[in-house]
Amino acid sequence: MNFPFLGKRREQPRVHDAEGIGELLADCDLLRSQALREGVRLDDSARSLEQLDQVLPRWRADEEILTWLGNDAGLYLGTVIVRTVPGAVWAIRPDGQPVVRLASGREFDVVVNGHAWAEDGVPELSQLYGEVAEA
């Protein structure tokens, strides 16, 4: 039906609260609990990424955990980047995927990298961080 008196509805552009999003994405509960079980405390530092790379991947036998852990690993990597690399911020792509946007404008899909790390251990999270931190 057409109701001319209602006029055209305009969608307001979506504004994301980067700090609020960052806090939500930093939770990574499954990864934090798995790491703590292995004696690794995740303190949002580059050093903690190196320690994660040394954890034995006991999760690879469980497909459900593997998927969640891959997400968490990517989000944790992104959290460390955003908190330690000047100018890095969280951004949400139109498809809903969280990415890290560097000061240069380059976007880094941390979730894809987290899945690769959880499944194969390669590339290492600390290596990815090093590449982004240098850029």
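Predicted model: local features only at pLDDT ≥ 70, side-chain atom pairs only at ≥ 80, totals over all residues.

Entry 1, helix 5. With that cut-off I looked up the buried residues of helix 5, and they are Val110, Val111, Asn113, Gly114, Trp117 and Ala118. Viewed down the axis of helix 5, these buried residues fall within an arc of 160 degrees, so they line one face of the helix. On the other side of helix 5 I found Val112 and Asp120 exposed.

Just after the helix, I read a positive phi of about 80 degrees at glycine 121.

Entry 3, the overall layout. I counted six helices and three strands, and along the sequence they follow the pattern α-α-α-α-β-β-β-α-α. Of the 135 residues, 40% are buried, and the protein exposes about 8600 Å², of which carbon and sulfur atoms supply 51%. Taking contacts between residues at least 6 apart in sequence, I noted that 57% join residues at least 24 apart.

The largest nonpolar core holds 32 residues, and Leu31, Leu77 and Ile81 have the most contacts inside it. Helix 2, helix 3, helix 4, helix 5 and helix 6 each supply at least two of its residues, while the largest share, eight residues, comes from helix 4. I then followed isoleucine 81, which, leaving aside residues up to four places away in sequence, touches Ala88, Val100, Leu102, Phe108, Val110, Tyr129 and Val132.

How many aromatic pairs does a search of the whole structure find? The search finds one: the rings of tryptophan 59 and tryptophan 117 have their centres 5.4 Å apart and their planes at 35 degrees, so the pair is tilted. Tryptophan 59 lies in the loop between helix 3 and helix 4 and tryptophan 117 in helix 5, so the pair ties together parts that are 58 residues apart in sequence. Tryptophan 59 counts as buried at 6% relative accessibility, and tryptophan 117 counts as buried at 4%.

Key
Residues numbered from 1 in each chain as written. Heavy atoms only, no water. Helix = DSSP H or I, 4+ residues; strand = E, 2+ residues; numbered from the N terminus. Buried < 20%, exposed > 50% of the residue type's maximum accessible area, 1.4 Å probe, protein only. Contact = heavy atoms within 4.5 Å. Areas by Shrake-Rupley, 256 points an atom, 1.4 Å probe, with all protein chains shown as cover. Phe/Tyr/Trp six-rings, centres within 6.5 Å; stacked < 30°, edge-to-face > 60°. Core = buried A, V, L, I, M, F, W, Y, C linked by side-chain atoms within 4.5 Å. Arc of directions from axis to C-beta.
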